[in-house]
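Here are my notes on this one, in the order I'd go through them at the screen. Have the sequence and the model open while you read.

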Amino acid sequence: QIPLIFLLFGGLNIALFLNGAFAHSYWLYYLTPFFIFSLARMFNKIILQKRWYLLGIILLIINTAFSVLVIKYKDQQIKKALWQNTFIDQISPFLEKDEIVATSWDFNEELFRYKTNRPVEIIWSKEEIIKEAIEKRKWRYFIFSCWANCSLEDEKIGELFSDNFKIIYKEKSDRALLFDLSKPAKKNEAPRPALRDGVSSPLAS
């Protein structure tokens with residue numbers, strides 16, 4: 001019964017907190033004990049009792065696929081944290097003290113707040129970004145990041161920022177850009193380059 005308890009726990013997390021499960025995949029960890037216990041029990045039945053071979057093979061394939069997906073997911077998270085950590089270190093000298101920094105939905109605002117100890121606000125809605133950042137210019141500094149699951153519409157928002165506001169700093173692969181919304185874009189002025197040349201993207205000015 002133990003594997004079923006963990007399966008129920010992980011499943012309820014997804015069913016009851018669907019939005020949270022989509023934003024933060026903690027259910028991967030909640031379901032891990034189920035896969036471990038179920039695989040161990042199936043191996044026990046196959047080896048000691050010599051039965052259920054087909055079901056054991058199916059569970060082995062499922063467990064292997066699950067493990068690979070978890071490892072791949074965490075690898076992406078670690079790589080994201082590493083380049084965003086470097087980007088935060090690089091832009092910090094350009095930011096005035098205590099000035100609120102707003103970020104788009106694809107940037108880790110919690111890491112930024114932790115490292116810089118400054119107020120930061122994350123904007124989840126594209127409509128809100130256009131209204132508050134571009135039209136009202138509610139903040140002076142805005143970090144636009146579009147590195148994962150970006151649509152053409154997302155990229156157009158980045159181009160809209162580049163066309164209207166000064167780019168203070170670019171991440172080396174254009175995965176994040178720091179804009180000064182108080183200064184208009186200067187077409188003939190190149191933004192401060194990153195430490196190393198990166199791969200161009202549709203967000204490049």
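1. First, the ring criterion: rings of Phe, Tyr and Trp (its six-membered ring) pair if their centres lie within 6.5 Å, with planes under 30 degrees apart counted as stacked, over 60 as edge-to-face and the rest as tilted. On that basis Trp105, Trp139, Phe142, Phe144, Phe161, Phe165 and Phe179 make up one aromatic cluster.

2. Some housekeeping. Residues are numbered from 1 along each chain as its sequence is written, and side-chain values use heavy atoms, with hydrogens and water left out. This is a predicted model, so local features need pLDDT of at least 70 and side-chain atom pairs count only at pLDDT 80 or more, while totals for chains, interfaces and linings use all residues.

3. Back to the rings: there are nine aromatic pairs in the structure. One of them joins phenylalanine 94 and tyrosine 169, whose ring centres are 5.6 Å apart with planes at 35°, so that pair is tilted. Phenylalanine 94 sits in the loop between α4 (53-91) and β1 (101-103), and tyrosine 169 in strand β4 (residues 165-170), so the pair ties together parts that are 75 residues apart in sequence. (Helices, H or I with at least four residues, and strands, E with at least two, are DSSP runs numbered from the N terminus.)

4. Tyrosine 169 is buried at 5% relative accessible area, whereas phenylalanine 94, at 25%, counts as partly exposed.

5. Phenylalanine 161 and phenylalanine 165 give another tilted pair, because their ring centres are 5.9 Å apart and the planes are at 50°. Both of these phenylalanines are buried.

6. Now have a look at α6 (residues 126-135). Ile129, Glu132, Ala133 and Ile134 are buried there.

7. What do the buried residues of α6 pack against? They pack against β3 (141-145), α7 (152-164), β4 and β5 (176-184), where contact means heavy atoms within 4.5 Å.

8. Two backbone angles to check. Most residues other than glycine have a negative phi. Arginine 137 has a positive phi, near 55°; this residue lies in the loop between α6 and β3 and is partly exposed, with a relative accessible area of 45%. Asparagine 117 also has a positive phi near 55°. Asparagine 117 is in the loop between α5 (109-116) and β2 (120-122), and at 71% relative accessibility it counts as exposed.

9. Last, the sheet. Five strands form an open sheet in the order β2-β1-β3-β5-β4, with mixed pairing; two strands pair if DSSP finds at least two bridges between them. β2 and β4 stand at the edges with a single partner strand each, so one side of each is left without a neighbour in the sheet. The twist averages 25° from one strand to the next, with axes as lines fitted to C-alpha atoms (for helices over the stretch in contact) and angles running from 0 to 180 degrees between N-to-C directions.

10. Alanine 102 has glutamate 121 of β2 as its bridge partner.

Note on methods: Buried < 20%, exposed > 50% of the residue type's maximum accessible area, 1.4 Å probe, protein only.
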